[in-house]
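Please keep the sequence and the structure in view while reading.

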Amino acid sequence: MIIHVDPTGTTEGFEAILDKMASNETVKGLLILACDANGFTPAAIDGVLQSVSVPMFGGIFPAIIHGREKLDRGTIIAGLSKKPEVHILSDLSKTNFDHDDVIENFTPESGDAKTMFVFVDGYSKMLCSLIENLYNNFGLRYNYIGGGAGSINPAALDMSNSRCLFTNNGLLEDSALLALVDIESGVGVGHGWHKISEPYKVTESSGNAIKTLDWRPAFEVYKE
């Protein structure tokens with residue numbers, strides 16, 4: 001795997017690394033991780049993404065980590081030595097979207113794939129259903145790596161500028177990317193969080209919006 005970092009977070013820096021990676025004959029696919037502060041928009045980078053011939057996938061996040069350094073601005077592009085098989089699930093928030101039906105009919109071509117990258121628009125609804133159906137259909141067949149992409153800026157809640165997933169078609173929103181790769185992987189998790197309260201029970205919700213906690217308006221609990 002070849003990894004390049006653009007700490008500037010500019011579209012010019014992004015395009016320069018992308019061109020360099022895509023022209024490398026040993027690179028069969030691209031994993032892209034970018035910061036929300038870069039301000040990437042479809043108008044600025046869709047043309048660049050659509051010009052790349054190798055398959056790509058990835059997301060935009062509030063911050064990313066390279067080595068021991070946290071980046072609030074910048075882009076990491078990893079060139080994969082094996083070609084990823086990328087599948088796009090669109091319109092996740094539609095109430096009639098049947099994750100189980102779509103995933104059940106998803107027949108991977110990569111019989112030797114060991115890792116499945118899963119990136120989703122973090123503001124999409126029905127994500128729990130998507131994850132549940134992934135496990136129901138594939139179980140522990142793959143090692144899963146990924147997470148929810150998007151901004152945590154309250155302004156993003158209106159969904160007016162939430163395109164946060166990288167594909168060869170351009171930036172996408174309200175979608176999930178399933179990328180199968182014949183690469184060994186491992187996951188190590190640790191954190192320094194400290195418990196600040198006892199658990200709360202969600203007593204009313206709608207989609208991915210929490211309305212009440214322990215039978216009280218959620219906003220009142222959040223303020224406390």
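The side chain of Ser175 reaches the backbone oxygen of Glu173, at 2.8 Å. The model is a predicted one, and the distances given here are computed from it. Ser175 lies in the loop that runs between β11 (170–172) and β12 (176–181). Beyond its neighbours within four places in sequence, Ser175 touches Ile88, Leu89, Ser90, Asp91, Leu92, Phe119, Val120, Asp121, Ser124 and Leu165.

Ala176 belongs to strand β12. Ala176 has a relative accessible area of 0%, so this residue is buried. With neighbours within four places in sequence left aside, the contacts of Ala176 include His87, Ile88, Phe119 and Leu130. Ala176 and Asp121 are 55 residues apart along the chain, yet 6.5 Å separates their C-alpha atoms.

**The largest pocket**

The largest pocket has a volume of about 820 Å³. It is lined by 23 residues, and those closest to its centre are Leu33, Ile65, Phe119, Ile145 and Gly146. By class, 16 of the lining residues are nonpolar and 7 are polar, while none is charged. Which strand gives the most to this lining? It is β9, with 4 residues. Strands that each supply at least two lining residues are β2 (29–35), β4 (64–66), β6 (75–80), β8 (115–121) and β9 (143–149).

**Strand pairing**

One of the strands that line the pocket, β2, is mostly covered, with 6 of its 7 residues buried. β2 pairs with β6 in the antiparallel sense and with β3 (residues 56–61) in the parallel sense. A separate entry in the table is the pair of β13 and β14 (residues 209–213), which is antiparallel.

| Strand pair | Sense | Bridges |
|---|---|---|
| β2 and β6 | antiparallel | 6 bridges |
| β2 and β3 | parallel | 6 bridges |
| β13 and β14 | antiparallel | 4 bridges |

Leu30 has Gly79 in β6 as its bridge partner, and Cys35 stands opposite Phe61 in β3.

**A covered helix**

Helix α2 (residues 42–50) has buried residues at Ile45, Asp46, Val48 and Leu49. An α-helix has 3.6 residues a turn, so residues three or four places apart point the same way. Among the elements that cover the buried residues of α2 are α1 (11–22), β2, β3, β10 (165–167) and β11.

**The whole protein**

The protein has 5 helices and 15 strands. Of its 224 residues, 39% are buried. Among contacts with a separation of 6 or more, 77% are between residues 24 or more positions apart.

Definitions and conventions. Residues numbered from 1 in each chain as written. Predicted model: local features only at pLDDT ≥ 70, side-chain atom pairs only at ≥ 80, totals over all residues. Heavy atoms only, no water. Polar contact = N/O pair within 3.5 Å; in protein donor to acceptor, adjacent residues only side chain to side chain. Contact = heavy atoms within 4.5 Å. 1 Å grid on protein atoms, 1.4 Å probe; cavity = no way out; pocket = protein on both sides within 12 Å on 5 of 7 lines; lining within 4 Å. Points joined across faces, edges and corners; volume = space filled by probe spheres on them. Nonpolar A, V, L, I, M, F, W, Y, C, P; charged D, E, K, R; others polar. Buried < 20%, exposed > 50% of the residue type's maximum accessible area, 1.4 Å probe, protein only. Pairing = 2+ DSSP bridges.
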